[in-house]
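Please open the structure in a viewer and keep the selection panel at hand.

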Number of protein chains: 2
Amino acid sequence: MTSPVVVLIDSPTDPDAAPADSLRLVDARAPHIDVMDLGITRGDGIFETVGIIDGRVQSVDEHLRRFARSAALLELPAPNPELFRAAVELGIAHLPGVGDAFCKYVLTRGREGGPLDPTGYAYLDVNPDWTRERTIGISVVLLSRGYQLDVQTAAPWLLQGAKTLSYAVNRAVLREAGRRNADDVIFTTTDGYLLEGPTSSLVLRFGDELVTPAQSGGVLHGTTQIGTFEWGSGRGMRTGYRHVRVEELDHADALWLTSSQRLAAPVNAIDGRALAVDADETASLNAYLRGRQL
Amino acid sequence: MTSPVVVLIDSPTDPDAAPADSLRLVDARAPHIDVMDLGITRGDGIFETVGIIDGRVQSVDEHLRRFARSAALLELPAPNPELFRAAVELGIAHLPGVGDAFCKYVLTRGREGGPLDPTGYAYLDVNPDWTRERTIGISVVLLSRGYQLDVQTAAPWLLQGAKTLSYAVNRAVLREAGRRNADDVIFTTTDGYLLEGPTSSLVLRFGDELVTPAQSGGVLHGTTQIGTFEWGSGRGMRTGYRHVRVEELDHADALWLTSSQRLAAPVNAIDGRALAVDADETASLNAYLRGRQL
């Protein structure tokens with residue numbers, strides 16, 4: 001078997017479509033997308049990336065729920081969850097059986113100018129080695145997302161809180177981080193609140209409390225962040241969502257950026273200021289996340 | 001001949017590539033894009049849409065300059081302008097010879113995970129009939145873009161002023177306009193300034209002066225807006241770019257949203273408040289724009 005593995009999903013929003021009829025394993029080296037697909041011409045679609053640990057997909061229901069929420073925010077027809085669930089499983093069966101992997105699945109509004117006919121597919125590949133990021137950690141810079149904290153209610157058409165294909169900014173901020181000799185980014189609001197990373201959630205520890213910025217600020221509900229709260233609860237910590245001001249970073253005892261692929265990456269510097277990383281604590285967290293069966 | 005027409009551009013950022021070797025006219029009904037192309041998975045690319053009137057492409061150099069500027073803002077390699085210029089011409093030669101048309105050309109960062117190998121292509125199709133929009137006009141609503149006027153200097157990583165493939169918001173605002181029984185949108189800043197439409201420039205007339213919001217507010221430099229200023233100058237009007245406050249709408253004598261495909265669409269209502277349209281004036285403007293040879 002070679003990776004990546006590509007599974008096309010016909011009629012991805014047909015609630016009556018069955019996986020046996022809809023899924024097609026295809027040659028990953030051949031093109032499968034129309035040049036006029038709104039996914040490419042307008043970034044008009046949504047996605048999820050799920051982690052695969054030792055051949056088991058993680059948090060599949062949480063991802064499918066968020067995928068459905070993104071579809072609703074973009075007023076796309078609801079994706080048929082059984083098709084996407086089965087596409088991930090079909091893909092896993094054809095991955096090389098070594099190491100960790102990921103599956104990204106996509107739903108677009110389909111071809112420009114035609115009747116609504118959404119495009120769906122999944123692709124899977126083996127993970128790069130994230131040992132360094134998961135142990136030594138990552139340095140981050142704070143970058144403004146340009147919005148105020150109330151953007152999601154004040155201007156829902158800006159699609160904050162949806163996981164869309166329009167991620168050019170999420171890539172541009174990583175280039176800006178590179179220019180500042182940092183590995184990653186924490187987005188802030190123009191009125192001084194912390195949000196999330198461009199492809200990750202933020203978890204802060206204050207003493208024995210884990211905190212993540214509240215979703216009402218326009219952040220995604222992270223599946224790996226949910227797992228991090230579970231780990232914390234198991235260790236007797238309190239956990240909760242609330243708005244977190246930038247100044248509170250001065251009092252945080254630990255920070256992680258959590259995501260399905262990289263799991264928990266401890267933050268070892270913010271805007272050039274070093275932050276201590278408790279290697280045992282993070283190792284415990286990542287071991288929990290790797291073993292999570294949901 | 002049938003439309004759409006699709007031209008693939010190999011090595012679109014190779015300054016030494018020649019059109020004869022790089023351009024391929026391909027079957028528009030077949031897929032040509034990789035599922036892992038960053039253009040679709042991250043909206044990580046740029047585009048231009050050029051108008052074609054009676055078989056002649058309009059403002060080709062202005063579009064190519066803006067395309068190069070978008071590439072620089074996204075830190076993409078510079079597109080080879082001769083390849084894109086030739087792709088448009090090749091496409092036109094294969095369009096059905098009736099009515100007006102458009103060409104959209106695209107440059108993406110290429111396939112995820114591999115060495116940098118940008119994707120380039122152009123597609124062309126005949127225009128829909130925009131007689132109503134160009135004569136009776138369009139109703140608009142004001143919607144916040146969520147940013148302050150200084151976003152481009154304060155946070156250049158947000159890519160304002162670049163014409164990117166990450167246009168999900170530009171589509172979402174049109175759905176919001178539809179809910180409010182309007183045809184189109186004028187974006188505003190959170191600090192009370194007018195910007196542009198989601199796929200058009202804004203031109204206001206105050207007496208004998210034409211004004212467009214300044215590019216430093218993060219708006220694109222519109223090629224059809226440039227033509228509108230030329231038309232105004234020819235009629236003895238003053239023209240200029242400056243920041244325009246929302247309240248100034250109360251004193252505007254005319255408004256147009258200008259774009260390469262639709263040309264000048266007069267605004268006949270703002271947030272439900274009717275605005276008089278001078279049919280002769282707009283007809284003169286659109287006749288000038290149709291005849292523009294650049």
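This is a predicted model: local features need pLDDT of at least 70, side-chain atom pairs count only at pLDDT 80 or more; totals for chains, interfaces and linings use all residues.

On the chain A side, 51 residues are in contact with 51 residues of chain B. The size of an interface is often given as the accessible area lost when the parts come together. Between chain A and chain B the buried area is about 4700 Å², and carbon and sulfur atoms give 58% of it.

Next, display the polar links across this interface. The rule finds 30 residue pairs in polar contact between chain A and chain B, both residues being at pLDDT 80 or more. Six salt bridges are found across the interface of chain A and chain B as well. For an example, select Arg179(B) and Glu75(A): their side chains form a salt bridge, with 2.8 Å from N to O.

The largest share, eight residues, comes from H7(A). Colouring by class then shows 26 nonpolar, ten polar and 15 charged residues on the side of chain A that touches chain B.

The next stop is Cys103(A), which is found in strand S5 of chain A. Is this residue, Cys103(A), buried or exposed? Its relative accessible area is 0%, so Cys103(A) is buried. Show its surroundings: beyond its neighbours within four places in sequence, Cys103(A) is in contact with Glu48(A), Thr49(A), Val50(A), Ile52(A), Val88(A), Ala122(A), Tyr123(A) and Leu124(A). Select Gly51(A) too: Gly51(A) and Cys103(A) are 52 residues apart in sequence, yet 6.6 Å apart in space from C-alpha to C-alpha.

Move to chain B and select Glu281(B), located in helix H9 (residues 279-291). Because its relative accessible area is 7%, below the cut-off of 20%, Glu281(B) counts as buried. Its side chain is joined to that of Arg205(B) by a polar contact of 2.8 Å. Apart from residues up to four places away in sequence, Glu281(B) touches Arg205(B), Trp231(B), Arg235(B), Met237(B), Ala254(B) and Trp256(B).

The last two stops concern backbone angles. Most residues other than glycine have a negative phi. Select Asn181(A), in the loop between H7 and strand S8 (184-188) of chain A. Although Asn181(A) is not a glycine, it has a positive phi of about 60 degrees. Asn181(A) has 70% relative accessibility and counts as exposed.

Finally, select Glu75(B), in the loop between helix H3 (60-73) and helix H4 (81-93) of chain B. Here too phi is positive in a residue other than glycine, with a value near 55 degrees for Glu75(B). With a relative accessible area of 38%, Glu75(B) is partly exposed.

Conventions. Residues are numbered from 1 along each chain as its sequence is written. Chains are lettered from A and ligands numbered from 1 in the order in which they are written. Side-chain values use heavy atoms; hydrogens and water are left out. Contact means heavy atoms within 4.5 Å. Buried area is the accessible area (1.4 Å probe) that two parts lose on being put together, summed over both. A salt bridge is a side-chain nitrogen of Lys or Arg within 4 Å of a carboxyl oxygen of Asp or Glu. A polar contact is a pair of N or O atoms within 3.5 Å; within protein, one must be able to donate a hydrogen and the other to accept it, and residues adjacent in sequence count only if both atoms are side-chain atoms. Helices (H or I, at least four residues) and strands (E, at least two) are DSSP runs, numbered from the N terminus. Ala, Val, Leu, Ile, Met, Phe, Trp, Tyr, Cys and Pro count as nonpolar, Asp, Glu, Lys and Arg as charged, and the others, Gly among them, as polar. Buried means under 20% relative accessible area, exposed over 50%, partly exposed in between (1.4 Å probe, protein chains only).
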